[in-house]
Amino acid sequence: MGLFNFRANRSIGIDLGTANTLVYSKKHKKIVLNEPSVVAVERETKRVLAVGNEAKEMLGKTPDTIVAVRPLSEGVIADYDITEAMIKYFIKKIFGSYSFFMPEIMICVPIDVTGVEKRAVLEAAISAGAKKAYLIEEARAAALGSGMDIAVPEGNMIIDIGGGSTDVAIISLGGTVVSKTIRVAGNNFDSDIIKYVKKTYNLLIGDRTAEEIKMKIGTALPLEEEETMEVKGRDLLMGLPKVVTITSEEVREAIKDSLDQILQCIRTVLEKTPPELASDIVDKGMIMTGGGSLIRNFPEMLTKYTNLKVTLADNPLESVVIGAGLALDQIDYLRKIEKAER
């Protein structure tokens with residue numbers, strides 16, 4: 001019994017995100033790792049040089065012989081070998097190099113991943129050293145991590161806006177009744193800002209600068225008092241460093257199309273929701289989670305669009321991985337639900 005408890009205590013939940021990877025420890029009941037999903041490798045040999053925070057610092061600053069890459073794209077594995085190396089690094093960082101008992105891992109995946117993509121995630125986890133690996137849909141994990149009681153026969157609506165994908169789902173009796181995933185999320189906002197600054201000011205900026213703009217002055221609705229920010233980049237006409245000032249209204253205009261796509265996704269799910277569950281959503285509203293939901297005034301914009309109550313989760317950046325950790329206690333129950341849904 002003691003051996004079983006030791007193994008169980010080493011179980012972890014992983015939110016393998018396009019932007020960041022978070023790890024939740026069942027033993028410590030808290031997040032023990034939160035680092036960027038970035039790996040720096042030698043271009044020719046593919047040898048891993050750095051992972052996580054250290055690798056992110058290299059983004060856009062590496063010589064030709066080194067490339068800093070994000071091995072996940074739109075929530076799924078784009079580079080299997082580098083993803084495996086990244087998971088292995090994070091496991092090693094948590095448990096040490098010479099760990100005899102490997103952990104059991106619960107990994108979050110988008111709702112609409114294919115069977116091939118699921119196998120890729122599981123195989124990467126096992127190859128990286130997991131004793132056993134399980135999968136849980138990100139929306140279901142987000143609901144659990146947000147404090148929803150998903151086992152009750154009532155409609156619960158969750159909107160999880162991550163880095164690479166947005167998952168919208170209606171959950172009842174533990175199962176997903178209606179759902180939709182689109183490959184539009186936080187990273188798209190960054191790309192939108194880069195394109196806008198390039199088109200409007202002939203200024204080339206990097207991903208990190210775009211993310212900073214989004215976080216500092218990004219907004220989904222016009223602000224009462226417009227905000228500004230100085231942006232540094234390279235002038236595409238002169239080829240020299242240049243500084244421009246952009247406004248919060250310009251950022252809103254830049255990300256408007258991506259926001260609209262997310263709103264349309266939510267509308268599609270609501271239109272397909274059975275009447276009885278729709279009634280529950282009218283009473284309870286919906287919960288937003290994920291880093292992309294932190295755009296200022298996004299919940300208010302959604303309320304205006306749907307006339308429904310919209311609540312931002314207490315820990316929007318952490319809800320998914322917390323839910324993955326909680327799901328480790330419900331593996332048998334979740335497996336029954338998955339079988340019933342097939």
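## Briefing: a hairpin, a sheet and two spaces

In the hairpin of strands S15 and S16, 5 residues lie between the strands, and Gly239 among the hairpin's residues takes a positive phi near 75°. The model is predicted, so local features need pLDDT of at least 70 and side-chain atom pairs count only at pLDDT 80 or more, while totals for chains, interfaces and linings use all residues. Residues are numbered from 1 along each chain as its sequence is written, and side-chain values use heavy atoms, with hydrogens and water left out.

**The hairpin**

- Strands (E, at least two residues) and helices (H or I, at least four) are DSSP runs, numbered from the N terminus.
- Strand S15 (residues 228-235) and strand S16 (residues 241-247) run antiparallel, joined by 7 bridges.
- Val231 has Val244 in S16 as its bridge partner.

**The open sheet**

- Two strands pair if DSSP finds at least two bridges between them.
- Five strands form an open sheet: 5 strands in the order S3-S2-S1-S9-S10, with mixed pairing.
- Strand S3 (30-36) and strand S10 (132-137) stand at the edges; each has a single partner strand, so one side of each lacks a neighbour in the sheet.
- Neighbouring strands of this sheet are turned by 20° against each other on average, direction ignored.
- Such angles run from 0 to 180 degrees between N-to-C directions, with axes as lines fitted to C-alpha atoms, for helices over the stretch in contact.
- Strand S1 (residues 12-16) runs parallel to strand S9 (residues 104-109), and 3 bridges join them.
- Ile12 has Ile105 in S9 as its bridge partner.

**Helices on the sheet**

- Helix H4 (residues 115-127) lies across S9 and S10, at about 145° to S10.
- Helix H11 (residues 319-327) packs on the sheet and touches S1, strand S2 (20-25), S3, S9 and S10.
- The direction of H11 makes about 145° with that of S1.
- Contact means heavy atoms within 4.5 Å.
- H11 is mostly covered, with 8 of its 9 residues buried.
- Among the buried residues of H11 are Val320, Val321 and Ile322.

**A buried loop residue**

- Thr18 sits in the loop between S1 and S2.
- Thr18 counts as buried because its relative accessibility is 5%.
- Buried means under 20% relative accessible area, exposed over 50%, and partly exposed in between (1.4 Å probe, protein chains only).
- Leaving out residues up to four places away in sequence, Thr18 touches several residues, including Ser37, Arg70, Glu74 and Asn187.

**Pocket and cavity**

- On a 1 Å grid over the protein atoms alone, a cavity is a set of points where a 1.4 Å probe fits but cannot get out; a pocket is an open set with protein on both sides within 12 Å along at least five of seven lines; lining residues have an atom within 4 Å of a point.
- The largest pocket has a volume of about 1100 Å³.
- Its lining has 42 residues, and the closest to the centre are Ala19, Asn20, Gly163, Glu211 and Gly291.
- Helix H6 (186-201) is one of the elements that give two or more residues to this lining, and H6 gives the largest share, 6 residues.
- The pocket lining divides into 11 nonpolar, 18 polar and 13 charged residues.
- The structure holds 1 cavity of 30 Å³ or more.
- Leu16, Leu72 and Cys108 are among the residues that line the largest cavity.
- The cavity lining has 7 nonpolar, 1 polar and no charged residues.
- Ala, Val, Leu, Ile, Met, Phe, Trp, Tyr, Cys and Pro count as nonpolar, Asp, Glu, Lys and Arg as charged, and the others, Gly among them, as polar.

Conventions. Grid points are joined across faces, edges and corners, and a volume is the space filled by probe spheres set on the points.
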